[in-house]
Amino acid sequence: MKWTHAVAFALLAVGLASCSKPKQVQPETTTQAPVDSGAQTSGLGNETGPATGATAGAMSAAQQQALAALQSRNIVYFEYDSSEIRADYVSVVAAHAAYLTKYPTARVRLEGHADERGSREYNIGLGERRAQTVRKALMLQGVAESQITTVSYGEERPAVEGSDEPAYAQNRRVEFAQVQ
Amino acid sequence: MTFQRARARPARIGLAPAFAWFFVLAGSLATSAHAQLRLDITQGVRDAVPIAVVPFGGQAEGGPNDVGSVVAADLQLSGRFTPLERRDLVARPTRGAQVRFEDWRLLKSDFLVIGSVAPEASGLAVEFELFNVRTGQQLLTQRLVTSERGLRAAAHRIADLIFERLTGIPGAFSTRVAYVAVDGRPPSQRYRLMIADADGYGPRVVTESSEPIMSPAWSPDGQNLAYVSFEGKASAIYVQRLATGDRRRVSARAGINGAPAWSPDGRKLALTLSRDGNLDLYVLDLATQGLTRLTSDSAIDTEPEWSRDGASVYFTSDRAGSAQVYRVGAGSGQEAQRLTFTNGYNARPRLSPDGESLALVTLDRGAYRIATYDLKTRNVHVLTDGRQDEAPSFAPNGATLIYATRAGAKGTLAMVSADGRFQQRLSSDTGDVREPVWSPFRPAER
């Protein structure tokens, strides 16, 4: 785990609606994610201190910039019981595919999630299916299989609390976590 | 039959402390405001059988070791009995000769339990008697020898015996429940795998993590828990020995490692892996680490549960488009057979101890509820009326199921009798409680 990188990216993530690295985030700084499905608004990054690229190691300035640009578009949301990539998220996947093909040493971890309805292990399956859909879409756009890992959290790590459709819509998602 | 729920009467003050589930976590955890969890019965049952449990002689009333109040609380938790309030007890007999049955008939109590605790050479002797109030007949009497620390266990044993004498079903009050407790708000949550007595007393932490913990499963001998932990940033299955805390990571393959289920002989785990990027069922031999693949379908196959003879495995699959319950032979390459057809969603089958029915989560008129599926008649019987009920688990006597439900935004636990007639809702003050799993009987309890 490139821990320092992950920290740097978390700090860079000005538009990160739902942080996938909870250990690096003070609980006090967490906020409810927006209820409009799709757009991510500022949340954690601007409260956790100034961003710094000093820990980004050997990565070129251009790559750092490209990566920072992706951080505002790192979540794909899904319809209920569906793993199809909606038309409004095709460009999100394409942006990550472009980055990953341009920087073949870059890696991404796709984290699949489900809303809380239904049984938990079945929801692990739904989250996995969503992560796999995004993985296949990336590979179709030229990303190497070795650049991608997937994990499914099912309903275990909701982005937001709540038992209504706006909350569910925020929780049915795949997050792109850059690991390098 | 229509089941009518009644609010617990506020006048039940005399026994209220005994009916409360107190979860006080040990050590440093106790300093956290989220760590203390208290569950109370919020909804009782109307047609439960009235029974009077007199405070046992030789004991101060109140406190965790009050035998009479533990017995009464157990009987109340079963849903089948309504213990009289202590302040309504007209007398305090501790031996049969002191009982005036007309007193208890006036209170409309069908049964009477009396007893005493007395020191003796090797510890404490607990004696009790159970009477039919109408006939005056003594139905049961027994003497147990224990220690001060063993008083609650003795009280649960007494409740087991009384329950069996009056219902014909062995009591399951001496068993335990494992569950997952979650504190904090997303994305910073704390996950704890807990076990407690079946009445919620004496909780302790089995393991904890800032990453999700899920799917606890008791080994058939009750000595180990298998569970899924994401502590390594990916799912892995662990088996932990409760007596020592020793644990072993038994499956950490690439992709998903989920839904462990012990074979009846305790030698194998059925589990879910995603070796091809999709979930299928496998059987892991715990001694040899050998893997047998049970399903290979492009659908989600998960939530295995063994048949009683270990020859087949029930599971959830959405191979027909929606989640439904199937059965497949426990060898490799067997054809799966679909079992459920009603409702658009049936998942997470759990076998009843008699092997004749499955508890499952069903989508009932837009809500996720607990149902039983009769393996012979194929009838689905919806037991609960929540919106998001899940994770049913049978008590080892088959009489009651514990499951997870939601109270507002919080996850909490509830119990329902296997026929759906009696429901007990439990509410918690703090935290999120989920995935309750009832332990098997301890070997000595059979």
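1. Chain A contains 5 helices and 4 strands, where helices (H or I, at least four residues) and strands (E, at least two) are DSSP runs numbered from the N terminus. Read from the N terminus, the elements of chain A follow the order α-α-β-α-β-α-β-α-β. This is a predicted model, in which local features need pLDDT of at least 70 and side-chain atom pairs count only at pLDDT 80 or more, while totals for chains, interfaces and linings use all residues. Residues are numbered from 1 along each chain as its sequence is written, and chains are lettered from A and ligands numbered from 1 in the order in which they are written.

2. Of the 180 residues of chain A, 45% count as buried; a residue is buried if 20 or more other C-beta atoms lie within 10 Å of its own, exposed if 12 or fewer, and partly exposed in between, with C-beta atoms placed from the backbone. Among the contacts of chain A between residues at least 6 apart in sequence, 73% join residues at least 24 apart, a contact being a pair of residues whose C-beta atoms, placed from the backbone, lie within 7 Å.

3. Strand E4 (residues 173-178) of chain A has 5 of its 6 residues buried, so it is largely enclosed by the rest of the structure. Strand E1 (residues 75-77) of chain A pairs with E4(A) in the antiparallel sense over 3 bridges, two strands being paired if DSSP finds at least two bridges between them, and A:Ile75 stands opposite A:Glu175 in E4(A). Strand E2 (residues 108-113) of chain A is also antiparallel to E4(A), joined to it by 5 bridges, and the bridge partner of A:Leu110 in E4(A) is A:Phe176.

4. In chain B, 4 strands form an open sheet in the order E11-E10-E9-E32, with antiparallel pairing. Strand E11 (204-209) and strand E32 (432-438) of chain B stand at the edges, each with a single partner strand, so one side of each is left without a neighbour in the sheet. The twist averages 20 degrees from one strand to the next. Strand E9 (residues 176-183) of chain B pairs with E32(B) in the antiparallel sense over 5 bridges, and B:Val180 has B:Arg434 in E32(B) as its bridge partner.

5. Helix H4 (residues 151-167) of chain B has 17 residues and reaches 24 Å from its first C-alpha to its last, close to the 24 Å expected at 1.5 Å a residue, the expected span being 1.5 Å times one less than the number of residues. Because 13 of the 17 residues of H4(B) are buried, the helix is largely enclosed by the rest of the structure. Just after H4(B), B:Gly168 takes a positive phi of about 80 degrees.

6. B:Gly398 lies in the loop between strand E28 (390-394) and strand E29 (400-407) of chain B, and is partly exposed, with 18 other C-beta atoms within 10 Å. Leaving aside neighbours within four places in sequence, B:Gly398 is in contact with B:Ser352, B:Pro353, B:Asp354 and B:Ala418.

7. Between the chains, 33 residues of chain B are in contact with 30 residues of chain A. Strand E12 (213-218), strand E16 (257-262), strand E20 (301-306) and strand E24 (346-351) of chain B each supply at least two residues of the side of chain B that touches chain A. The residues of that side divide into 15 nonpolar, 12 polar and 6 charged, where Ala, Val, Leu, Ile, Met, Phe, Trp, Tyr, Cys and Pro count as nonpolar, Asp, Glu, Lys and Arg as charged, and the others, Gly among them, as polar.

Conventions
Two residues are in contact if their C-beta atoms, placed from the backbone, lie within 7 Å. Axes are lines fitted to C-alpha atoms, for helices over the stretch in contact, and angles run from 0 to 180 degrees between N-to-C directions.
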